[in-house]
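Me: Hi, I'm new to this one. Could you walk me through it?
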Amino acid sequence: MAGKIIFCIISLGCGVMCYAIGSYAQKLTKPMGFWSGKEVKPTEITDITAYNKENATMWKVYSLWYFAAGIAEIWNEYVGPVILMLGGTIGILLLIRAYRKIYNKYKA
């Protein structure tokens, strides 16, 4: 039981962190960069507000993997880790793909 609680706390904490990144991106006036360390200059983006809004949505949707894993762990101790693994592998690839699509859409 203690393992389930720890798993839920960690998963939900990661979900909150990703959601917070999305909320932060939505409020920015300069373009939100991706975690790879590459800075996105304002001259690179045609519509910063729309770019940040889509970036925020991307992060908020990505946080659902972690929320789902935490909740699924309560229901079944095997399903939670599977969802977490899928979010950490397929989810990351989808996140990178979504970011590239957003960047290319608003690239100047």
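**Rings and core**

Reply: Happy to! Phe 34 and Trp 59 are both buried, where buried means under 20% relative accessible area, exposed over 50% and partly exposed in between, with a 1.4 Å probe and protein chains only. The model is predicted, so local features need pLDDT of at least 70 and side-chain atom pairs 80 or more, while totals for chains, interfaces and linings use all residues. Residues are numbered from 1 along each chain as its sequence is written, and side-chain values use heavy atoms, leaving out hydrogens and water.

Me: How many aromatic pairs are there?

Reply: There are seven. Rings of Phe, Tyr and Trp (its six-membered ring) pair if their centres lie within 6.5 Å; planes under 30 degrees apart are stacked, over 60 edge-to-face and the rest tilted.

Me: What are the rings of Phe 34 and Trp 59 like as a pair?

Reply: Their centres are 6.1 Å apart and their planes at 40 degrees, so the pair is tilted.

Me: And Tyr 51 with Tyr 106?

Reply: That pair is edge-to-face, because the planes are at 80 degrees, with centres 6.3 Å apart. Tyr 51 sits in helix α2 and Tyr 106 in helix α3, 55 residues apart; helices (H or I, at least four residues) and strands (E, at least two) are DSSP runs numbered from the N terminus. Tyr 51 and Tyr 106 are both buried.

Me: New topic: how many residues has the largest nonpolar core?

Reply: It has 16 residues. Such a core is a set of buried Ala, Val, Leu, Ile, Met, Phe, Trp, Tyr and Cys residues joined through side-chain atoms within 4.5 Å. Its largest share, seven residues, comes from α2.
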